[in-house]
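Notes follow in the order I made them.

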Amino acid sequence: MSSRFRIRTYGCQMNVHDSEKIANLLHHHRWSEARGEDEADLLVINTCSIREKAEHRLYSDLGALRAWKRAAPGRALGVGGCVAQQEGDALLRRFPHLDFVFGTHNLRRVPAMVEAARAGQRSARVDESRSLERFDWPERHPATSEHSPGRAFVTVMEGCDMFCTFCVVPLTRGREISRPARDVIAEVEGLAARGVREVTLLGQTVNAYGRHDVRRGRAAAAGTLGFAELLERLAGVPGIERIRYTSPHPLFFDDALVAAHGRLPALCPHVHLPAQSGSDEVLERMHRRYRAADLVRIAEALRAARPDLVLTTDLIVGFPGESEADFRATLDLVAEIGFVDAYSFKYSPRPGTRAAELPGAPEPAVAQARLEELQGLQRGLTLAAHRARVGTRTRVLLEGPSRRGGTQLTGRDPYHRVVNLDAAEAGLDPERAAGVLLEVEIVEATPHSLIGAPRVTAGLRTGPGQAKFRKSPSGPGPMRTVAARSGVRMPGID
Ligand code: SF4
């Protein structure tokens with residue numbers, strides 16, 4: 001029997017995709033995935049350091065894993081991801097039962113580090129790389145592809161040059177680097193040939209793709225394009241029915257990207273627009289380089305291009321210096337834009353970031369009360385948006401059995417909403433339903449998801465607004481507006 005591994009993944013979709021890449025490499029090195037950690041010979045923890053809580057979780061996990069390591073001789077334990085990138089071999093010193101540590105640019109070394117660990121050598125590799133080699137991966141192993149049939153992540157750029165004052169990502173993921181478009185297109189063509197219908201393009205500031213190459217006049221040499229042009233090319237790949245992208249930065253919603261949402265049917269009518277705050281003063285201290293009014297203008301422009309488009313966001317409360325009035329401005333922004341969902345958190349200072357030095361953080365109890373009020377507002381907006389969907393039709397890409405159990409299946413519609421439905425009603429085997437695209441009618445709304453009933457008739461309605469594609473409006477778009485309003489030079493654009 002081949003050796004077996006498990007991977008615990010924390011954090012963002014980029015981390016999820018990194019774990020897929022590690023699993024893919026291990027499969028190519030004749031490892032197979034264990035059904036549980038008890039059966040595993042190798043355990044990798046892929047960490048996140050975006051919030052203090054995630055980092056503490058790693059330390060508590062590692063403490064608890066002493067017993068796992070001792071339970072069977074020859075077991076190997078590794079840590080990767082953003083905490084590994086920041087802490088390096090300090091983790092080896094702190095946890096003697098830990099065998100190897102690899103940074104965000106060193107995923108490809110994992111099989112060799114595992115072999116070394118099994119030969120008794122502990123190691124840490126956290127060197128940074130500017131090389132495009134980091135995007136070269138072996139073809140997806142069949143065992144990896146089976147995990148999420150029908151859907152796939154595709155990295156288009158990595159790193160971040162924006163240096164928001166609260167964020168560790170520029171420290172853990174390094175500087176921006178974009179992948180040549182021909183490689184992205186070839187990967188998507190290969191995925192489509194294997195039955196993938198939905199791709200999610202990944203990058204820390206995904207819509208900044210190629211901007212440095214365009215600005216320096218070396219896009220042709222680097223093989224990159226503007227982000228909207230890349231979307232256009234990918235929309236032309238036969239078999240690809242849905243394209244998503246995450247996470248964009250509000251600053252890089254240019255006219256071309258907004259117009260793409262009106263023009264490309266494959267581009268999903270959902271945009272994650274990370275606002276972070278509705279207060280211009282707080283946004284300034286966060287070094288976000290836009291104002292609240294710019295977010296409203298971007299939302300309006302996107303909805304003008306694609307009327308059924310839904311918006312979700314990220315929000316931070318309790319940032320240093322956030323006054324009650326600042327917080328009220330965030331509530332006002334959320335209500336004005338009408339986000340369909342939000343990931344909201346209390347600010348937690350991260351070592352090495354500029355915000356960690358800023359004074360004036362609200363008392364923890366105040367921050368907690370603000371978070372609860374914000375989440376209460378968002379819950380109401382989410383439920384109202386879900387209720388408005390009842391009676392509309394949509395297409396759901398099924399992901400497999402639902403956590404609700406029984407014969408329930410779960411999937412996502414083009415608006416990235418979770419839709420649950422009954423497998424028996426759809427005539428599907430729950431274990432083989434992943435990857436199926438099904439037309440459903442929304443029959444019920446819950447606070448977190450929608451309930452659908454399978455429909456096979458023609459005459460699909462498209463959900464919120466039941467929009468038809470429209471030509472996008474002419475005139476100055478949101479990117480020019482953001483630049484003009486904020487008075488900053490927009491990196492790579494102006
Ligand atoms: S844009 Fe800001 S929040 Fe996003 S990854 Fe870069 S530094 Fe972090």
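Predicted model: local features only at pLDDT ≥ 70, side-chain atom pairs only at ≥ 80, totals over all residues.

Just after α1, I found R30 with a positive phi of about 65 degrees. For context, most residues other than glycine have a negative phi.

I then checked α1 itself, residues 13-28. Its 16 residues reach 23 Å from first C-alpha to last, close to the 22 Å expected at 1.5 Å a residue. I also listed buried residues in α1; among them are M14, D18, I22, L25 and L26. D18 and E20 are on that buried list too, along with H27.

**E33**

Next stop was E33, which sits in strand β2, residues 32-33. Leaving out residues up to four places away in sequence, E33 touches R4, F5, A23 and A143. A23 is one of the buried residues of α1. I also took a distance from E33 to F95: they are 62 residues apart in sequence and 25 Å apart in space, C-alpha to C-alpha.

**D127**

I looked up D127 in the loop between β6 (123-125) and α6 (142-145). D127 has 11 other C-beta atoms within 10 Å, and is exposed because 12 or fewer is the cut-off for that. Which residues does D127 touch, sequence neighbours up to four places away aside? I got H105 and N106. From D127 to S148 I noted 31 Å between C-alpha atoms, for a separation of 21 residues in sequence.

**Ligand shell**

What surrounds the ligand? I wrote down C160, M162, F163, C164, C167, V169, P170, Q204, T205 and H249. Sorted by class, that shell has 7 nonpolar residues, 3 polar ones and no charged ones.

**A cis peptide**

I went through the peptide bonds, bearing in mind that most are trans. The one from T246 to S247 is cis, and its omega is near -10 degrees. S247 belongs to the loop between β11 (242-246) and α12 (255-263).

**α11 against α12**

On the α11 side the contact uses F227, A228, L231 and E232, and on the α12 side A256, L257 and A260. By class I have 6 nonpolar, no polar and 1 charged residues in this contact.

**The loop between α13 and α14**

Two entries here, both on positive phi in residues other than glycine. H287 has phi near 60 degrees, and it lies in the loop between α13 (280-286) and α14. R289, found in the loop between α13 and α14, has phi near 70 degrees. How many C-beta atoms lie around R289 within 10 Å? I make it 21 others, so R289 is buried. H287 has 15 C-beta neighbours inside 10 Å and therefore counts as partly exposed.

**α14 and α15**

Last, I checked α14, residues 292-305. At 1.5 Å a residue its 14 residues should span 20 Å, and the end C-alpha atoms are 20 Å apart, which agrees. α14 is mostly covered, with 10 of its 14 residues buried. Among the buried ones I noted D294, R297 and R303, as well as I298 and L302.

α14 packs against α15 (residues 324-337) at an angle of about 10 degrees, with the axes 10 Å apart. I therefore put the two helices down as roughly parallel to each other. The contact is made by A292, L295, V296 and A299 of α14, and by A329, L333, E336 and I337 of α15. Those residues divide into 7 nonpolar, no polar and 1 charged.

Conventions. Residues numbered from 1 in each chain as written. Near = placed C-beta within 6 Å. Nonpolar A, V, L, I, M, F, W, Y, C, P; charged D, E, K, R; others polar. Axes fitted to C-alpha atoms, helices over the stretch in contact; angles between N-to-C directions. Helix = DSSP H or I, 4+ residues; strand = E, 2+ residues; numbered from the N terminus. Parallel < 35°, antiparallel > 145°, perpendicular 65-115°, else oblique. Contact = placed C-beta atoms within 7 Å. Expected span 1.5 Å × (residues − 1). Buried ≥ 20, exposed ≤ 12 C-beta atoms within 10 Å, placed from the backbone.
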